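I set out to record what I looked up in this structure, entry by entry.

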Amino acid sequence: MHIKLRIWRQDSTQAPGKLVDYDLDDVSEDSSFLEMLDLLNNGLIEKGEEPVAFDSDCREGICGMCGLVIDGVAHGPEACHDDLPTPYAGL
Amino acid sequence: MPVFTEVMLDGKAPAGPIETKWERTKFEMKLVNPTNRRRFKIIVVGSGLGGAAAAASLGELGYNVECYAYQDSPRRAHSVAAQGGINAAKNYRNDGDSVYRLFYDTVKGGDFRAREANVYRLAEVSNAIIDQCVAQGVPFAREYGGLLDNRSFGGAQVARTFYARGQTGQQLLLGAYQALSRQIAAKTVTMYNRCEMLDLIVVNGRARGIVTRDMITGQIEARLADVVVLATGGYSNVFFLSTNAKGCNTTAIWRSYKRGALFANPCFTQIHPTCIPPAGEHQSKLTLMSESLRNDGRIWVPRNAGDNRPADQIPEAERFYYLEETYPSYGNLAPRDISSRAAKRQVDADRGVGPLRNGVYLDFADSIQRLGQKVIANRYGNLFDMYDNITGEDAYKTPMRIYPAPHYTMGGLWVDYYLMSNIPGLFVIGEANFSDHGANRLGASALMQGLADGYFVLPATLPNYMASTKLDKVTLDSPEVKDTIAGITQIENRLLSVKGTKPVDYYHRELGKIMWEYCGMSRTAEGLEKAIQEIPKLRDEFWQNVRVLGEGNDLNQELEKAGRVADFFELGELMCIDALQRNESCGGHFREEYQTEDGEALRNDAEYTYVSAWQYMGDNAMPVLHKEPLEFEYVKLATRSYK
C-alpha cells in the first residue's frame with residue numbers, strides 16, 4: 001500500500017525543526033508501523049539522506065521503548081507490532 | 001581444522017558430595033568486611049534480571065556499583081519480554097518434585113553438556129528466588145485459596161513453573177528494578193542509561209574497566225573499576241530474525257572474547273518451537289508465543305502432504321498430532337529442541353499451514369470445550385491478544401499458527417564455578433555465560449538462572465575474588481586504557497569512512513540468511529563449510545560497501561547498529577567453526593550426519609563430552625580450542641528419550 005508521512009525532523013535539541021513529507025510505495029499490509037519506518041530509513045540511506053531517529057526495542061509491545069507521537073497521540077504497543085491497517089487505516 | 005590445546009580447562013567445581021558443594025564453598029570463601037566494601041568499585045553491564053539483581057544485591061551489601069544499560073531505563077531490558085514463567089523446586093503440587101529432580105531434569109534436558117555442580121547449585125537456590133520475589137511483591141499467579149499456582153513446562157513431568165499470566169519476565173524485572181532503584185536512591189548504585197559498553201579494559205591480565213559510548217552525545221570514555229560483571233544477554237540476533245529485542249547484541253561479550261576471554265559452546269543456540277511464522281521480507285523480528293501455551297494447546301498438521309484446506313474443514317481423522325503420537329509420555333510438552341525439529345520435519349514434508357505454508361497449528365479447541373473460554377483467557381489472555389494484534393486472527397476461534405525461531409543462546413563466555421571468566425576480575429552472569437543449560441535450555445529456566453546468578457551466586461563469589469586479590473592502581477593515563485579507547489575510536493572511524501551504498505540492515509539480513517540456512521535447526525559438515533566460506537566474503541563486502549551516514553560525536557543509530565553487526569559477522573563464523581568441530585548431535589545442535597533411525601539426536605559421548613571454549617588468536621587466524629571435560633557422577637550419561 002501507499003503511505004504518506006509527515007515527520008518532525010530536527011538535527012539536534014538546539015536546531016530548529018520542521019515537518020518533512022515522505023511518500024512510501026509498496027508497503028506490506030503485514031508491516032508494523034516501525035517496520036514501515038525501517039523501510040523509509042533504508043530508502044533514505046540509499047539516497048544519502050539522514051535516516052529518521054526513533055526508539056524501539058522489543059517490538060512486541062512489552063518494553064515501552066518506542067515513543068512515537070502519531071497524529072497527536074503517543075503510541076506504544078500499537079505502533080510497535082500491530083499490522084499497519086489496524087490503527088492507521090485510511091492514512 | 002582448528003588446533004586445540006592438550007591442557008584441559010578446569011571448571012573449579014569443588015570436591016565432595018554434590019549436595020554439600022555450594023554450602024561448603026560459601027563458608028570457605030573469603031569475605032569483605034562491611035566497612036571496607038564501599039572502597040571496591042564494581043561495574044555491572046546490563047540491567048536485565050541478572051544485571052539488575054546483581055547490581056541491587058551488591059549495592060545492598062555496601063559495594064560501590066555502577067550499572068550500565070543501552071536502553072533509556074533499566075526496566076526495558078529484554079528480560080521484560082519473557083512470558084511463561086520461572087522454575088523452582090518447591091514441590092507445592094506434591095507431585096514428586098525436589099531439588100534433585102530439578103537438577104536431574106536440567107542436566108538431561110541440556111543433553112549432558114552442562115557442568116553438574118553448577119546445575120545442582122541452580123536447582124538448590126531456585127526456591128530462595130521465589131521467596132525473594134514474593135517478598136518484593138512480584139504478583140505471581142495464585143490459586144483460589146491464595147497459594148502460589150504452578151504450571152508445567154517442557155521436559156518436566158511435574159508442575160514447577162511459577163508465573164504471572166504471560167508476563168512473568170516483566171513482573172520479575174519490575175521487582176529487580178525496584179530493588180535496583182532503592183540502591184540508586186541510596187547512592188550505592190549509579191545508573192548510566194543509554195550508555196553502551198564497547199570494549200573491556202584489561203590491565204596486567206585483569207579486567208579493570210570498560211570503554212563506553214554515550215548514545216546521545218557519542219562521547220567515548222573509559223570507566224575504571226576493580227571488577228567487571230557482564231550481564232549482557234545472548235546473541236540470537238546473529239540470525240537477524242529472532243525473538244530478541246532489536247537492540248540485543250553480542251558486542252560486550254564478543255569484544256571481551258577479543259581481549260582474551262574464552263567463548264564457550266558458541267554453536268549451542270535454542271530455536272524456540274512456538275513463535276509466530278514470518279509473514280514476508282519486511283519482517284524485522286519474530287514474536288514468541290509462550291511455551292506455557294503447550295499446556296492447553298495441541299499441536300497438529302494435516303496428515304496428508306499438500307492439504308491446503310482451512311483448519312476447520314480438516315476432519316479429526318486427517319489431523320496429525322505429531323508430538324502426541326511420537327512422544328506419548330511428554331506429548332505437546334516435549335522439550336524445545338525436539339519440538340522444533342519435529343515442526344521443521346512436518347513443514348519440510350509439505351504439511352505446513354498458513355498462507356506461506358510455513359507453520360504448524362497450536363489448537364485450543366479441546367481445552368476451550370473442556371474448561372471454557374474464560375479459563376483459557378485467564379491463563380493466556382494477553383498472548384491471545386498479542387497474536388490477534390500481529391496476525392489479525394482470533395485464536396479462540398481458529399488454531400494459532402506457529403513455527404520455530406531463534407530465541408536463546410546456551411553458549412556464551414566461559415566461566416568457572418565462581419562465574420568468573422578466564423580473565424581474572426571479569427565475571428559473566430545470566431544468558432551471557434555458558435554455564436547451566438548445556439546444549440538445550442528447558443523452558444522457564446532462563447529467568448531462574450539470571451536471578452540465581454544475580455541475587456545469590458555472584459554476591460557470594462565476587463567478594464571472594466576481591467578479598468583474595470591485591471589490585472594495582474590503574475588510572476585513566478595508563479597505556480592500556482588509552483590503547484583501548486583508541487581502538488574503539490578507530491573502529492568507529494573506519495565504519496564512518498566506508499561511505500558505501502548499502503544500509504547496515506541489508507548486511508545483517510543477509511548474514512542472518514546464511515546462519516539460518518547452515519547453522520540453524522539442522523546442520524551438515526558440507527553446509528557449515530560453505531558458511532565458513534560465505535561469511536567472510538559478505539563481511540569483506542560489508543566493510544567495503546556499508547553506508548553509515550552522520551558523525552560519531554552525535555546520536556547515530558546506524559553507527560550503533562553497524563558496530564554490532566560487524567561483531568555478529570565474526571561471531572557467526574565462530575559458531576559455524578564450533579558446529580563443524582562438534583561431530584555429534586546434542587540438544588539444539590543437530591548435525592544431520594549424526595542421527596538415530598528415528599531422526600533423533602545421536603550424541604558421541606566418547607569423544608565430545610566436553611565444553612568447547614575458543615580462544616581468539618587474531619582477526620584472520622584460526623581460534624584455539626580449549627576443552628573442559630565434563631563428568632557425570634550423578635546423572636548417568638544416557639540417551640535422552642521423551643517417548
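**Entry 1: the interface**

I began with the area that chain B and chain A bury between them, which comes to about 2,600 Å², 49% of it on carbon and sulfur atoms. I then looked up which residues lead on the side of chain B: Arg76(B), His282(B) and Leu549(B) supply 20% of the area that this chain buries against chain A, more than any other three residues. I note that the model is predicted.

In terms of contacts, I find 37 residues of chain B against 29 residues of chain A. I searched for salt bridges across the interface, and the rule finds two. I recorded one of these, in which the side chains of Lys285(B) and Glu60(A) meet at 2.7 Å, N to O.

I next asked which elements of chain B give two or more residues to the side that touches chain A; they are α10 (373-391) and α15 (557-581). The largest share, four residues, comes from α10(B). By residue class, I divide this side of chain B into 13 nonpolar, 16 polar and eight charged residues.

**Entry 2: helix α8 of chain B**

I turned to α8(B), residues 336-348, and compared its length with expectation. Its 13 residues reach 18 Å from the first C-alpha to the last, close to the 18 Å expected at 1.5 Å a residue.

Is this helix mostly covered or mostly open? I find α8(B) mostly covered, with ten of its 13 residues buried. Charged residues are among the buried ones, including Arg336(B), Asp337(B) and Arg341(B); Ile338(B), Ala342(B) and Val347(B) are buried as well. I looked up what the buried residues pack against, and the partners in chain B include the strands β11 (269-275), β12 (298-302) and β15 (400-409), together with the helix α7 (322-326). Just after α8(B), I noted a positive phi of about 65 degrees at Asp350(B).

**Entry 3: Gln10 of chain A**

I located Gln10(A) in the loop between β1 (3-9) and β2 (18-24) of chain A. Why do I class Gln10(A) as partly exposed? I do so because its relative accessible area is 40%, and the class runs between 20% and 50%.

Leaving aside neighbours within four places in sequence, I find Gln10(A) in contact with Ala15(A), Pro16(A) and Gly17(A). I also recorded a polar contact of 2.9 Å between the side chains of Gln10(A) and Trp8(A). Finally, I checked the separation of Gln10(A) from Cys58(A): 48 residues in sequence and 25 Å in space, C-alpha to C-alpha.

Technical notes:
Residues are numbered from 1 along each chain as its sequence is written. Chains are lettered from A and ligands numbered from 1 in the order in which they are written. This is a predicted model: local features need pLDDT of at least 70, side-chain atom pairs count only at pLDDT 80 or more; totals for chains, interfaces and linings use all residues. Side-chain values use heavy atoms; hydrogens and water are left out. Contact means heavy atoms within 4.5 Å. Buried area is the accessible area (1.4 Å probe) that two parts lose on being put together, summed over both. A salt bridge is a side-chain nitrogen of Lys or Arg within 4 Å of a carboxyl oxygen of Asp or Glu. The expected span of a helix is 1.5 Å times one less than its number of residues. Buried means under 20% relative accessible area, exposed over 50%, partly exposed in between (1.4 Å probe, protein chains only). A polar contact is a pair of N or O atoms within 3.5 Å; within protein, one must be able to donate a hydrogen and the other to accept it, and residues adjacent in sequence count only if both atoms are side-chain atoms.
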